[in-house]
Amino acid sequence: MIENFLAGTAALFGDPITILIFVFGVIGGMLFGAIPGVSMLTLAAILLPFSAGLEPAQGVMLFAVIYCTGTYGGAITAILFNIPGAPENAPTAFDGYPMTKQGRAGKAVGAAVLCSAIGGTASALLMMAATEPLAQWAIRNIGPPEIFALVFFGLAVASSVGGNTIWKGWMSVLLGLLVATVGQDPVGGINRYNFGMTDLAAGIAFVPAILGFFAVSEIFIQAEKRAFGKYNAPKLDVNFPTFLELWRYKIAVVRSILVGFFCGILPGIGATLAAFMGYGEAVRWSKDKESFGKGNLEGVISSETANNAATGAAMIPLLALGLPGGALTAIMVAVFQFHDMEPGPLVFYNSPELIWVVFAAMFYANVSILFIGLIETKTILQLLRIPFHFLAPMILMLASIGSYIGRGLVLDVMVMFLAGMIGFLLRRSGYSIPGIVLGIILGKIGEQNFAQGMQMVHYDLITYLSRPICLILIVAGAITLGTGVYKALASNRTSADQE
Amino acid sequence: MGKLNTSHLIEAVAWVAIAALFFIYSFEFNQKIEIYKFGATAWPRSILLMLMLVIAGNLFYQRANGSTPQPGRVGISEDDLDDAEKPLSSYLNIGSFLFLPLIFAWSLKPVGFYAATPVFTALVIVLLGERRPRWIIGITLFIYAIIIGLFMIVLNAPLPQGTVSPFYDFSAFMLRMNNQLQNMF
């Protein structure tokens, strides 16, 4: 492994063009992740046509680097503006934004930089050491029933955070799942809920939905506060956490690396669920559960470590099985196809140099987050000085472009603004925006894997649940769901007793 | 009725209406799939069934607790819970701010991005309370320059050009300028 890694490093830094592409990917991913309104996906969508002119290793490496640094960059907007750069940064905003309001933005961003670097580097090392055995394990043990079970567990976790009650948490998730049913059904290709609009046959793209629910609704909320004279500008602070402060959270970091890596390995799941589960586990094991959502540094640490730990792991199903784990890894499949290649087990034998250049680049990209990230962060924090009424139109324009670029449809811009309006109304009523977004992202994956799983077991639920990983995840999801419902019913009884 | 109020009931009716709309529309694609016994409607209808159960649970909760958040919930924003009375002008302001982006999105096809952007940007700045003309024009031009510089000149991103003259002609002019600029390098 070390020999291959050194060979990959030599190939990466031995060619000036490859170095330039690497540096462009690192800085571009960080910047697009950290600019509110656009994301690493916007950059990736714009760069995709240009990648046809690159060498295969350069093309795949560029997107892998953008994935690593963009996942970190999205944390900055989540913390500073309550606008996650990508869905995987949504749980970061739960505690990161309250910290900004308390004048502790520097601590939150500093922790995000360090933990993203640690999570990503650990994941890159694990990926290098274990891609082939893990891929083989995944082939043997992970099938559609397990993926559906993990989706169910993830949605149960998502419903337990964000909404005012477990009911509103679930209503948010179910709304997301309902939105995900728009477009062709994943089994028979039958058009559903397109309301006579041909553009809707392809479904609701999740980038406009995410931008609408997160970025646009946040602008509306802040605009409302300005209109009602309740707007408080976030406080600028560039004091990063000390090493000793972060050392207290070592167990949370290790736990989140494991959670993130496990979620990342599973095809179709990716970093979003990893971040939610990392955050959910932090809450579950904490002795101070009440402080989460109110500016607990552990919330930022858990979410950011887990989502970056999933970046390396997400390359395992992509490279070993040819299955993308999320939107950006799906774009990487297109890069392979531009060069008449298919990701899958044969890549390891036909193009080992490509694999090791990508592995080395991801490792160094994660390490560079620590150094470039800290410098960049000091600059980005100055964004807080820009008055809101000048920043808001910029964010809205960038978000419009970000949602249009993906498919070239004006409909997507409309969807984004509609999602923003709906998100604005739902947030005011105590619903969970991350829950809706996770429902949209996981809806199609869940349905497809449920259908395939049922076909596999000939519609026999006993056989379905006799698969151990599947059973464990479904029971864990049911316990999470049951606990939430029990607590809601208990609070009903308490209220009745008080009366 | 317990602690249920009118807004809780309106909220529940809105959710039931959404569920009913989606259920009625599901008959439009109620077809069998050869390879899948449950067909195309099973998944959305299961979601709708669960949604109805959860709506009932929510109403039951609100009857006992009103709008009070459930104890121990994580990630609730304190900003979301403010329902105090506000002046009418503020509602008109926020109402215009909510609908302006939809008008912008609708105008993208006929007017195009290049012509619609400065107008939309300036209106947003005005609606957010800026009244100094120099600042409005200056910031609008600054944002326009950044967006055109980054997406048109550096990244060559394809943006809507519009279909109606003279907006289409303006977009064509911008793209010609960009081509000439690119050819210089």
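Hi everyone, let's start with chain B: from the N terminus on, its elements run α-α-α-α-α-α. That makes six helices and zero strands, where helices (H or I, at least four residues) and strands (E, at least two) are DSSP runs numbered from the N terminus.

A quick word on what we're looking at. This is a predicted model, in which local features need pLDDT of at least 70, side-chain atom pairs count only at pLDDT 80 or more, and totals for chains, interfaces and linings use all residues. Residues are numbered from 1 along each chain as its sequence is written, while chains are lettered from A and ligands numbered from 1 in the order in which they are written.

Back to chain B. Its radius of gyration is 25 Å, well over the 16 Å that the globule rule gives for 185 residues, so chain B is more spread out than a compact globule. That radius is taken over C-alpha atoms, and the rule is 2.2 Å times the number of residues to the power 0.38. The C-alpha atoms fill a box of roughly 70 × 55 × 30 Å along the principal axes. The domain assignment, which is automatic or from a database, gives domain 1 (6–69) and domain 2 (88–184). Taken over C-alpha atoms, the centres of these two domains of chain B are 39 Å apart.

How much of chain B is buried? Of its 185 residues, 29% count as buried. Buried here means 20 or more other C-beta atoms within 10 Å of the residue's own; exposed means 12 or fewer, partly exposed is in between, and C-beta atoms are placed from the backbone.

Now chain A, which has 21 helices and two strands. With 499 residues, a compact globule would have a radius of gyration near 23 Å, and chain A agrees, with 22 Å. Its C-alpha box is roughly 70 × 60 × 50 Å along the principal axes, and buried residues make up 64% of the chain.

Let's zoom in on one helix pair. Helix H4 (residues 56–81) and helix H16 (residues 352–380) of chain A pack at an angle of about 30°, with their axes 8 Å apart. The axes are lines fitted to C-alpha atoms, for helices over the stretch in contact, and angles run from 0 to 180 degrees between N-to-C directions. Among the residues making the contact are Val60(A) and Ala64(A) of H4(A), and Val357(A) and Ala361(A) of H16(A). Contact means that C-beta atoms, placed from the backbone, lie within 7 Å.

Leu273(A) counts as buried because it has 34 C-beta neighbours inside 10 Å. Leaving out residues up to four places away in sequence, Leu273(A) touches Gly154(A) and Cys263(A). Leu273(A) and Ile380(A) are 107 residues apart in sequence and 27 Å apart in space, C-alpha to C-alpha.

Finally, where do the two chains meet? The contact takes 63 residues from chain B and 67 residues from chain A. On the side of chain B, the largest share, 13 residues, comes from H2(B). By class, that side has 42 nonpolar, 13 polar and eight charged residues. Nonpolar covers Ala, Val, Leu, Ile, Met, Phe, Trp, Tyr, Cys and Pro; charged covers Asp, Glu, Lys and Arg; the others, Gly among them, are polar.

Terms used
Contact = placed C-beta atoms within 7 Å.
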